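Visitor: I am new here. Please walk me through this one, briefly.

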Amino acid sequence: MNNTFGRAFSFTTFGESHGRALGCVVDGVPAGLVMDEAFIQGELDRRKPGQNKFATARKEGDKVEILSGVFEGVSTGTPIAMVIFNENQKSGDYENVKNLFRPGHADFTYFHKYGIRDYRGGGRSSARETAARVAAGAIAKLLLNTLHVKVQSGICAIGGIEAQQYDFERVAESEIYALDGSVEEAQKAKILEAKNAHDSVGGVALVQIVGAPIGLGEPLYYKLDALLADAMMGINGVKGVEIGEGFQASRLMGSQNNDAMSKKGFASNHSGGILGGMSNGDTITCKVYFKPTPSIFLSQETIDTQGTELICNLKGRHDPCIAVRGSVVAESMAALVIADLLLLNLGASMEHLKKIYM
Ligand SMILES: Cc1cc2nc3c(=O)[nH]c(=O)nc-3n(C[C@H](O)[C@H](O)[C@H](O)COP(=O)(O)O)c2cc1C
Ligand SMILES: C=C(O[C@@H]1CC(C(=O)O)=C[C@@H](OP(=O)(O)O)[C@H]1O)C(=O)O
């Protein structure tokens, strides 16, 4: 199982949803980065479960503890390890499904690939693991903040109810990180409707990276589009990613999709800030499509580990809409991609090398 992400600014996570703890090790952080612990905790608080009726009822403090790599408040250039202890597992809820596969979750594939599986919350396949990614992402954000690169996200659609406008300023005040106040009530109602019907609903998050320099990403193989897509599709429950105009571009004419250029910059941003695999200096935009939560409280047909057909009735605590907290995870993953590329980009040209060493 390969658990490492990134090449220059890399991280790995460990832990399970119902185990003792989760955490991450972040490597490649330049020495001297001010480690604002309140900021890191704040990022975890944005994602943490049990905060409102639009999220899983599992209550966790998600207090993050830095174990290494920091001295006198700044990074030392050595691996930064962080840990978050689990407090509210309630594993008994999974006792009746220990030998069967929840439709839509990873139980079936985990069991058949590894022959052993932690049935309590799905072990590592539970998105509780994303708490550790957000901790790593917070360090990436500290680096980006220092360089005046901003990463932001919000919900643009829930169950097909789409935002008409994108206002990132209001996201912090919004219960579901909705970008559009005019549709937030309808989006909330859609989530509660699904929840009351013991069902779940899908949604879409929008991630933007503002202020990235020109040239992040490679023209081939490690294209910025591909790296962002990989990062987003690697999040639990993400089933699609669009860069800029995305799928809509396939329905447009070249004259509609091209972004005209002038001395002032680009007249529009259909490209989503990426041309030829490299950032073009404009805002990088990425839409992330989340499926509905697989664990629902309706009876479903399934099989057990012996192949016997039976009915699956779940207990436990689940998000009625994973896109809501998933948007914070997507934002963190975007920050990790950009931090990695900023470090990898050093010395891409002689000009750049001379600036660094001469
Ligand atoms: C923030 C977040 C919260 C999630 N919460 C739940 C949940 O409460 N219950 C559940 O069954 N799945 C939840 N998921 C989705 C599952 O983890 C995911 O569907 C599962 O790992 C299978 O992976 P796949 O959907 O990518 O195939 C959540 C995902 C994210 C990103
Ligand atoms: C605990 C969190 O979310 C969990 C994500 C999750 C899943 O299957 O992804 C299923 C539920 O699981 P569990 O039984 O493990 O509590 C959620 O509560 C969290 O995000 O911190």
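Guide: One term first: two strands pair if DSSP finds at least two bridges between them. Note too that this is a predicted model.

Visitor: Which residue of β10 stands opposite Val151?

Guide: Strand β8 covers residues 150–158. It is joined by 8 bridges to strand β10, residues 203–210, and the two run antiparallel. In β10, the residue opposite Val151 is Ile209.

Visitor: How many residues of β8 are buried?

Guide: Strand β8 has 9 residues and is mostly covered. The buried ones number 7.

Visitor: Which residue takes a positive phi in the hairpin of β8 and β9?

Guide: β8 also pairs with strand β9, residues 161–162, in the antiparallel sense over 2 bridges. Ala157 has Glu162 as its bridge partner there. The hairpin has 2 residues between the strands, and the one with a positive phi near 50° is Gly159.

Visitor: What is the handedness of the crossing where α1 passes α3?

Guide: Phe39 and Leu44 of α1 are among the contact residues, as are Val134 and Leu142 of α3. The contact residues divide into 9 nonpolar, 2 polar and 3 charged. The crossing is right-handed.

Visitor: Does Phe14 count as buried, exposed or partly exposed?

Guide: Phe14 lies in strand β2, residues 10–15. Buried takes 20 or more neighbours, exposed 12 or fewer. Phe14 has 16 C-beta neighbours inside 10 Å, so it counts as partly exposed.

Terms used
Residues numbered from 1 in each chain as written. Chains lettered and ligands numbered in written order. Predicted model: local features only at pLDDT ≥ 70, side-chain atom pairs only at ≥ 80, totals over all residues. Left-handed = near helix turned anticlockwise from the far one by under 90°. Helix = DSSP H or I, 4+ residues; strand = E, 2+ residues; numbered from the N terminus. Contact = placed C-beta atoms within 7 Å. Nonpolar A, V, L, I, M, F, W, Y, C, P; charged D, E, K, R; others polar.
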